[in-house]
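Let's take a friendly walk through a protein model, one topic at a time. Keep the picture open as you read.

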Amino acid sequence: MCRIYGYFNARPSRNEVRAVAALQRHGGPDSTGSTHAPGWGVGNNRLAIVDLDGGAQPYELDDRIAVVFNGEIYNHDELREMLRARGYAFADRCDGGIIPALYDAYGEGFTDLLDGMYAIAVLDRRDVPTLLLVTDPAGMKPLYYRWDPAERSLYFSSEIPALLGFQAVGTDLWQAGLDAYLATKTPFGEQTMFGDVKVLPPATTLRCELDGQPRLRIRRLSECPPVTSLDTAARLVRDRLAAEVGRLLVADVPVAVVTSGGLDSSLVTALAARHRPVHSFNVAYRGSWPFDERGYAERVARSAGTVHHQVELDPAAFPSMIEDVVWHLGQPNADPITLSTYGLFAAVHDAGFKVALTGDAADEVFGGYSRMRAAVAGGSRADWLPRYLDELAVLPAERRYALYADEYQAFVRHRLPIPPEALDLLHTGAQTVLGRILAFEQRYRLPAYHLRRVDHLSMASAVEVRLPFCQPGVLSLGRALGDDLRIRGDEVKRALYGAARGLLPDEVLSRPKQPFTLPVTAMLRPGQPLWEYGRDMLAGSRLAAGGRLDPVAVDALFTAQSRRPRDETAVTIWALLVYEVWLDQFQRDRRTAGAAAVTT
């Protein structure tokens with residue numbers, strides 16, 4: 001696991017390159033490496049997980065191919081033996097060390113042989129110098145880039161703050177970004193909140209030849225035969241997950257599991273404990289708060305026989321934590337769980353673990369959200385899609401517009417906050433309503449809203465997160481299930497619940513679904529630390545300088561929340577607070593940016 005960066009057909013200063021590497025050092029504190037020549041360079045910060053004494057990057061082959069790599073290749077031993085049979089030699093057993101030879105042997109198709117999570121940069125110096133950037137099928141490992149069409153130069157990195165270390169990468173706002181953020185809680189698709197910065201989609205290969213234009217190719221995902229029997233589906237899911245969890249436990253450093261007390265992480269915990277003794281971690285908050293799941297997590301830990309660690313965060317520290325979280329994410333994410341995620345993985349690191357398995361992505365793969373259930377129930381009506389999109393938003397469109405200054409409201413009112421190709425997938429996909437929703441969530445919402453959050457906030461503490469539910473074999477099995485095996489009536493994730501029976505305590509299987517999040521409605525009240533911090537950050541004078549939000553409308557949110565606390569009001573205040581913190585950290589001249597929003 002590493003952080004990677006580089007540039008192509010560009011000439012940044014040596015100090016810029018050093019700054020980029022330093023800005024990602026938290027995610028790769030064990031070693032650094034780089035190679036460069038006039039016009040190009042690649043580098044990495046390493047978090048050593050496999051072959052601790054080897055694995056020096058960049059990996060090179062005969063001065064022709066240089067590779068930097070972030071992630072884990074779980075089938076690297078098999079691939080290494082296959083390549084040795086073809087005459088290739090290897091200096092160590094680090095998983096990423098196979099990539100130059102694999103690319104040399106198979107060209108761009110080398111990704112078809114990889115099983116794992118990855119963001120990879122391949123610099124091919126044969127004939128016409130060529131840069132390849134590739135991402136894994138689920139988008140577990142983010143890769144951000146900036147293409148300058150005038151200079152025909154490309155810059156990339158694993159994190160946005162590091163990419164901004166290249167002086168050619170501007171910090172100007174994506175002017176429609178605030179509305180897109182409030183419509184989906186973080187931007188979907190390739191566009192980030194910065195006008196110059198894009199993010200590579202899942203299962204994508206970007207190819208750029210020297211003095212040429214980048215070309216993006218979306219790779220095909222693997223498929224399984226259809227599954228129509230619930231018993232068969234439950235057995236296949238259990239067997240596939242058990243195998244994947246076992247493989248993901250293999251490392252040359254200590255591995256832990258995260259246990260929220262819900263179905264998904266509890267099942268991963270139970271399966272991991274069947275392979276070997278494990279330590280489990282749960283996060284809660286000091287004091288008495290709603291939605292405390294520590295009791296369920298403790299029951300799972302006792303049932304599985306783990307060594308359990310209860311992490312307890314202090315709400316008094318949340319204002320300063322928000323600033324750290326927003327910095328590491330590089331752009332706003334409106335889910336209050338970001339604080340929990342950041343604090344949890346800091347505790348995992350402090351306990352001596354460099355790898356943790358989580359239950360993220362099960363809802364997107366097996367159909368676990370109430371909005372999916374509601375869409376299936378109303379799929380024959382024309383209004384299912386607007387209702388579904390409203391469930392993704394901080395606020396529905398008209399209530400969002402009511403928060404905006406007049407000029408900004410006019411600017412965004414006729415602009416789509418979701419990429420057109422994403423909406424096309426929901427509107428006109430060839431699948432059922434549920435099939436279209438799951439395809440949309442896996443391609444757009446999961447990587448943007450969940451996976452980047454998990455990656456950035458775990459690597460902030462030098463912890464690698466492994467995600468069994470994002471493994472290609474699990475994803476393809478999920479796509480093979482009929483709708484009835486995912487959702488029927490009030491039942492969700494039917495195949496996954498079937499797989500978990502007999503492995504988890506009955507009270508975990510029968511408990512109502514609860515979002516794993518911060519109890520922000522209870523914490524955003526007068527007298528609480530978050531309340532005072534939010535009032536300061538969303539003061540009218542600050543908002544007026546930004547030119548997008550109406551200070552009177554935002555002040556009314558605080559008044560309403562103080563009189564009658566509601567989830568929607570609290571989440572809206574939280575989302576605006578996070579946005580304002582992000583503006584403070586990344587915008588060099590907010591007044592100029594605000595004026596530009598109403599004239600562009």
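The notes below cover strands, helices and aromatic rings.

This is a predicted model, in which local features need pLDDT of at least 70, side-chain atom pairs count only at pLDDT 80 or more, and totals for chains, interfaces and linings use all residues. Residues are numbered from 1 along each chain as its sequence is written, and side-chain values use heavy atoms, with hydrogens and water left out.

Helices (H or I, at least four residues) and strands (E, at least two) are DSSP runs, numbered from the N terminus. Two strands pair if DSSP finds at least two bridges between them.

**The parallel sheet**

- Look for an open sheet of five strands, in the order β15-β14-β13-β16-β17, with parallel pairing.
- Its edge strands, β15 (307–313) and β17 (464–466), each pair on one side only.
- From one strand to the next, the twist averages 30 degrees; axes here are lines fitted to C-alpha atoms, for helices over the stretch in contact, and angles run from 0 to 180 degrees between N-to-C directions.
- Strand β16 (residues 355–357) runs parallel to β17, and three bridges join them; V355 stands opposite E464 in β17.

- Nine of the nine residues of strand β6 (residues 116–124) are buried, where buried means under 20% relative accessible area, exposed over 50% and partly exposed in between (1.4 Å probe, protein chains only).
- In a regular strand the side chains alternate between the two faces of the sheet.
- Both faces of β6 are covered: one side has G116, Y118, I120, V122 and D124, and the other has M117, A119, A121 and L123.
- Strand β5 (residues 65–73) is joined to β6 by nine bridges in the antiparallel sense, with I65 opposite D124.
- Strand β7 (residues 130–135) also pairs with β6, antiparallel over six bridges, and T130 in β7 is the bridge partner of D124.
- β6 and β7 form a hairpin with five residues between them, and D127 in the turn has a positive phi of about 50 degrees.

- Helix α6 (residues 230–248) has 19 residues and reaches 26 Å from its first C-alpha to its last, close to the 27 Å expected; the expected span is 1.5 Å times one less than the number of residues.
- Among the buried residues of α6 are A233, A234, V237 and L241.
- A499 is found in helix α20 (residues 494–500), and A499 is buried with a relative accessible area of 0%.
- Which residues does A499 touch, not counting residues up to four places away in sequence? A499 touches A234, V237 and R238, where contact means heavy atoms within 4.5 Å.

**Aromatic rings**

- Rings of Phe, Tyr and Trp (its six-membered ring) pair if their centres lie within 6.5 Å; planes under 30 degrees apart count as stacked, over 60 as edge-to-face and the rest as tilted.
- By this rule the count comes to 20 aromatic pairs.
- The rings of F281 and F353 have centres 5.6 Å apart and planes at 80 degrees, so this pair is edge-to-face.
- F281 lies in strand β14 (residues 279–285) and F353 in the loop between α10 (337–350) and β16, so the pair links distant parts of the chain, 72 residues apart.
- F281 is buried at 1% relative accessibility, and F353 is buried at 7%.
- The rings of W384 and Y388 have centres 6.3 Å apart and planes at 50 degrees, so this pair is tilted.
- Both W384 and Y388 lie in helix α13 (residues 384–392), four residues apart, about one turn of the helix.
- Ring pairs also link Y181, F194, W327, Y579, W582 and F586 into a cluster.
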